[in-house]
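I opened this model to look up a few things and kept brief notes. The entries follow in the order in which I made them.

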Amino acid sequence: MNSLQDFPMKTSSQEPLALSRRHFLKASAAVGGGLLISFSLPPLMRDAQASTGRSFAPNAYVRIDREGGIYLTIQPVEMGQGTYTSMPALIAEELEVGLEQVHIEHAPADDKRYPNPMLGFQVTGGSTSVPGNWKPLREAGAAARVLLVAAAAQQWGVAPDSCRAEAGEVLHPSSGRKLGYGELVDAAAKLPLPETIPLKDPKDFKLIGTPAKRTDSPSKVNGTAVFGIDVHPEGMKVAAITICPVVGGTLDAVDSAPAMAVRGVREVIRTDNAVAVIADHMGAARKGLAALQIKWNPGANAQLSSAQLLSDIQKASEQAGVEVRNDGNAEEALQKAATRLDVVYQVPFLAHACLEPVNCTVHVRKDACDIWVGIQVPARAKTAAAELTGLPEEAVQVHNHLIGGGFGRRLEIDFVIHAVKIAKQVDYPVKVIWSREEDTRHSTLRPFHYNHLSAGLDEQNRPVAWTHKVTGGSILARWAPPAFVNGIDRDAVRDASGPYAFPNVKVQYVRHEPPAGITPAFWRGVGHTQNAFMVEGLLDELIHVAKADPFEYRYPLLQEHPRAIKVLQLLREKSDWDSPLPQGHGRGLALTYCFSTYAAQVAEVSVSANGDVRVLKVTTVVDCGIPINPDSVVAQIQGGTFFGLTAALFGDITFKDGRVEQGNFDTYRMLRINEVPELITHTVESSEAPGGLGEVSTVTIAPAVVNAIYAATGKRLRSLPINTQELRTT
């Protein structure tokens with residue numbers, strides 16, 4: 001995903017809104033009565049013409065009905081990040097209503113009308129929901145407030161500035177009169193928008209920056225929340241699926257008879273590389289699937305192994321890469337350096353392991369197709385279904401639902417394609433549910449990267465050169481081809497030297513794709529998670545060569561990032577960095593600037609004589625700009641840390657005989673409750689526009705822990721997951 005660094009949105013919380021064609025803000029009467037504020041967000045990635053377009057195509061709405069109900073149609077889907085609380089807060093703040101007064105309506109699948117404001121198409125991801133909607137939603141709320149106040153003033157024959165909005169009403173304090181929003185909407189809808197509409201001064205915020213209870217929590221606690229897996233259209237049956245276990249293999253033959261003998265099984269459906277058993281319920285479907293006699297064609301990957309994949313990428317990494325960045329003369333500076341380090345770092349393939357199993361329900365008819373799913377890219381699912389069924393896109397309806405864990409897995413539509421292929425062969429709705437094993441073995445994967453890095457130090461042990469050659473598969477070349485330019489995958493090489501001002505920097509990219517059937521894909525934190533581990537690791541190596549303090553060593557390299565220095569200064573204070581530790585314990589520091597957020601962590605670990613690593617405490621300091629919901633800031637830092645820590649300690653997808661060796665959580669290990677460290681989060685007060693939060697701590701936790709392990713043991717780990725065998729002293 002493209003990050004905020006790539007698509008900066010300059011905002012000012014106090015800047016008056018100058019309404020123009022560029023904003024495409026419009027007030028009108030809602031169908032059935034009421035006020036409709038609609039606006040088109042200026043696309044920044046794909047459809048630049050829309051910002052100067054010739055037609056009005058609203059893509060987000062604030063609707064207020066005659067009963068005073070406020071309805072917000074939004075593009076992002078809730079997948080645990082708190083969108084359904086933070087988005088209404090932006091509207092409610094400017095509209096002077098309570099959070100509970102704004103009701104969420106999810107946008108239909110439509111890339112053109114409901115694009116992500118930062119990425120230009122309909123997608124939830126890249127930590128863009130709050131940063132992208134920060135200003136547009138507030139503008140919409142402010143516009144509605146101004147019109148409602150104007151309507152009341154007109155009715156009372158008073159000046160608008162003698163009135164004020166409060167709690168869903170317009171008040172005229174000097175006369176004591178008041179009118180509810182519902183009583184004003186029809187009149188407000190007939191008024192023209194003024195040329196400028198001021199946004200609230202942050203000092204007057206009542207909701208933004210105040211801890212709020214998540215609006216989606218009650219339904220998730222009492223079980224009434226509806227995820228994709230919860231839908232049950234009339235006549236629906238359930239399918240269990242198995243895909244050729246060798247990646248890239250196909251289906252040769254299947255004997256359906258044993259499965260059809262299972263009570264409750266209705267049909268056995270074949271596709272090019274999979275078999276599905278459809279039954280009245282999941283138990284019968286799974287039992288039928290287990291009874292099948294299947295002959296697979298393994299294809300070219302029958303002997304594929306992790307050792308072969310490593311050998312292939314090592315060879316590829318020796319090639320000269322495409323030049324991504326070349327500041328100064330890094331090669332010459334390396335040759336002249338007083339000290340030089342040449343190292344190789346690598347990170348493994350990783351699956352997403354979402355809590356909600358991958359699932360999709362589809363009903364295909366002659367003239368229509370309905371899809372019930374929880375997905376980050378509903379419009380992509382719609383397009384794929386139209387192509388597979390031969391139906392026009394307008395005949396395909398995607399019913400998007402709450403997502404029980406995305407992390408990039410539901411940026412893919414492979415499971416939708418499987419479900420549509422199966423549903424095409426039956427005349428009833430069918431819910432296709434992947435088992436945990438099936439998803440782990442056929443998940444799209446965070447790429448395996450094998451990177452060469454070099455750094456040079458001068459006589460005073462200050463860095464004078466930095467080179468980083470990234471080798472691995474390209475996500476963008478497959479997922480967003482227009483973004484793959486000049487042979488460079490910008491996601492793969494992001495932050496290849498961190499935020500640091502090294503005098504000479506050279507970055508190269510070698511595209512090396514794994515065999516067909518292994519699909520590199522986005523994963524929480526995207527390319528940042530790979531390169532931050534390597535950059536923060538090598539920087540820590542330089543610091544130890546210099547016998548320097550990790551905080552003090554970074555400050556001169558961060559003069560262009562004063563917010564980063566503030567984060568580090570607060571972290572040093574809050575993490576007890578300078579206090580002594582027992583033998584076998586260590587602290588490690590890592591910093592990131594990603595998604596327009598600065599974050600740093602100190603991890604404290606203990607390492608036993610047999611190499612067991614225990615992460616005892618993680619202290620995080622984050623400057624994410626103005627926090628919409630401080631509770632959500634803490635929650636996202638915690639969630640991202642646990643997710644990244646799981647990967648650092650256990651995450652690894654390996655291959656043998658063309659098959660993924662991991663399956664359920666017994667072999668694809670998760671962090672357990674008794675392994676959760678003490679986690680402390682502090683936020684730097686900031687007046688900057690909000691940055692992304694859902695992924696930053698996933699980026700920093702692995703290098704923080706590995707650097708702490710070095711502090712405890714003197715052993716440098718340059719690959720993940722952490723290999724405890726390398727740490728054994730007995």
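**Charges and ground rules**

I counted the charged side chains of the chain first: 71 are positive and 78 are negative, and the centres of the two sets lie 2 Å apart. For this count Lys and Arg are positive and Asp and Glu negative, while His and the chain ends are not counted. I took the place of a charge as NZ of Lys, CZ of Arg, CG of Asp or CD of Glu.

I note that this is a predicted model, in which local features need pLDDT of at least 70 and side-chain atom pairs count only at pLDDT 80 or more, whereas totals for chains, interfaces and linings use all residues. Residues are numbered from 1 along each chain as its sequence is written, and side-chain values use heavy atoms, with hydrogens and water left out.

**The chain overall**

I read off 17 helices and 30 strands; helices (H or I, at least four residues) and strands (E, at least two) are DSSP runs, numbered from the N terminus. The chain is as compact as a globular protein of its length, because its radius of gyration of 27 Å is close to the 27 Å that the globule rule gives for 730 residues. That radius is taken over C-alpha atoms, and the rule is 2.2 Å times the number of residues to the power 0.38. Along the principal axes, the C-alpha atoms fill a box of roughly 85 × 75 × 50 Å.

I found 60% of the 730 residues buried (under 20% relative accessible area; exposed is over 50%, partly exposed in between, with a 1.4 Å probe and protein chains only). The accessible surface comes to about 28500 Å², and carbon and sulfur atoms hold 49% of it; the areas come from the Shrake-Rupley method with a 1.4 Å probe, and for residues only the protein chains shown count as cover. Of the contacts (heavy atoms within 4.5 Å) between residues at least 6 apart in sequence, 75% join residues at least 24 apart.

**Strand 22**

I then looked at strand 22 (residues 449-457), where eight of the nine residues are buried, so the strand is largely enclosed by the rest of the structure. Strand 17 (residues 339-347) pairs with strand 22 in the antiparallel sense over nine bridges; pairing requires that DSSP finds at least two bridges between the strands. Within this pairing I located Gln 346, whose bridge partner in strand 22 is Tyr 450.

Strand 23 (residues 463-472) also runs antiparallel to strand 22, with six bridges, and Ser 454 stands opposite Thr 467 in strand 23. Strands 22 and 23 form a hairpin with five residues between them, and Asn 461 in the turn has a positive phi of about 65°.

**Single residues**

I checked Thr 361 in strand 18 (residues 359-364). Thr 361 is buried, at a relative accessible area of 0%. Leaving out residues up to four places away in sequence, Thr 361 touches Val 231, Pro 233, Met 236, Asp 370, Ile 371, Trp 372, Val 430 and Lys 431.

I looked up two further residues with positive phi. Asp 495, not a glycine, has phi of about 60°; Asp 495 sits in the loop between helix 12 (476-479) and strand 24 (505-511) and is partly exposed, at 23% relative accessible area. Val 526, also not a glycine, has phi of about 40°; Val 526 lies in helix 13 (residues 526-545) and is buried, at 5% relative accessible area.

My last entry is the peptide bond from Leu 720 to Pro 721, which is cis with omega near 0°. Pro 721 lies in the segment after helix 17 (696-713).
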